[in-house]
Amino acid sequence: GQTLGKTDSIWSFLASGNFTVDAATKAQAQKDIADDGYWGVEQTSSRIVDFATALAGSDPKQLEKMRDAFKKGFDNATSTWGKSDISQRTYQAVMDKFDKLVAAEE
């Protein structure tokens, strides 16, 4: 409970935007969340779906369970921390990748 409280406090602090970072840190963060960056939409959505398929294999029913688990986790996270443009785009990319996987298996 205390750890979650600290996490929420950190998130609230970051979400406020009431802080400064040096130019190098800002540039690295922008690079990391760019569309082709490690934390960007493409790489993050691919990691999520790769993890799900590692657990579910190519079984469409199991893939649907993984999709539902992702939706639940996303909803829980955004209810606590809010929705950002990058999280919304990542969510859509994950859903699109699940759609392609399920369609390929049917």
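1. In this predicted model, the largest nonpolar core is built from 11 residues, namely Val49, Ala52, Ala56, Leu63, Phe70, Phe74, Tyr91, Val94, Met95, Phe98 and Val102. Two or more residues of this core come from each of H3, helix H4 (60-81) and helix H5 (85-105), and H5 is the element that gives the most, with five residues.

2. The aromatic part of this region deserves a paragraph of its own. The count of aromatic pairs comes to four. One of them joins Phe70 and Phe74, whose ring centres lie 6.1 Å apart with the planes at 35°, so this pair is classed as tilted. Because Phe70 and Phe74 are four residues apart in helix H4, about one helical turn separates them, and Phe70 and Phe74 are buried.

3. Phe70 also forms an aromatic pair with Tyr91, and here the arrangement is stacked, at 5.6 Å centre to centre and with 25° between the planes. Since Phe70 belongs to helix H4 and Tyr91 to helix H5, this pair ties together parts that are 21 residues apart in sequence. Phe70 and Tyr91 are both buried, and ring pairs link Phe70, Phe74 and Tyr91 into a cluster.

4. Met95, which is listed among the core residues, is in contact with Arg67, Phe70 and Lys71 once its neighbours within four places in sequence are left aside.

5. When residues up to four places away in sequence are not counted, Thr44 touches Tyr38, Trp39 and Thr90.

6. On the surface, Ile10, Phe13, Leu14, Phe19 and Val21 form a nonpolar patch, and together these residues have about 440 Å² of accessible area. Ile10, one of the residues of this patch, is found in helix H1 (residues 2-16).

7. As for the chain as a whole, there are five helices and zero strands, so that, in the notation used for the order of elements from the N terminus on, the chain runs α-α-α-α-α. Buried residues account for 21% of the 106 residues, while the accessible surface comes to about 7500 Å², with 57% of that surface belonging to carbon and sulfur atoms. Among contacts between residues at least 6 apart in sequence, 59% join residues at least 24 apart.

Conventions. Residues numbered from 1 in each chain as written. Predicted model: local features only at pLDDT ≥ 70, side-chain atom pairs only at ≥ 80, totals over all residues. Heavy atoms only, no water. Patch = residues over 30% accessible without salt bridge, like charges linked within 9 Å, V, L, I, M, F, W, Y side chains within 5 Å. Areas by Shrake-Rupley, 256 points an atom, 1.4 Å probe, with all protein chains shown as cover. Salt bridge = Lys/Arg side-chain N within 4 Å of Asp/Glu carboxyl O. Contact = heavy atoms within 4.5 Å. Core = buried A, V, L, I, M, F, W, Y, C linked by side-chain atoms within 4.5 Å. Buried < 20%, exposed > 50% of the residue type's maximum accessible area, 1.4 Å probe, protein only. Phe/Tyr/Trp six-rings, centres within 6.5 Å; stacked < 30°, edge-to-face > 60°.
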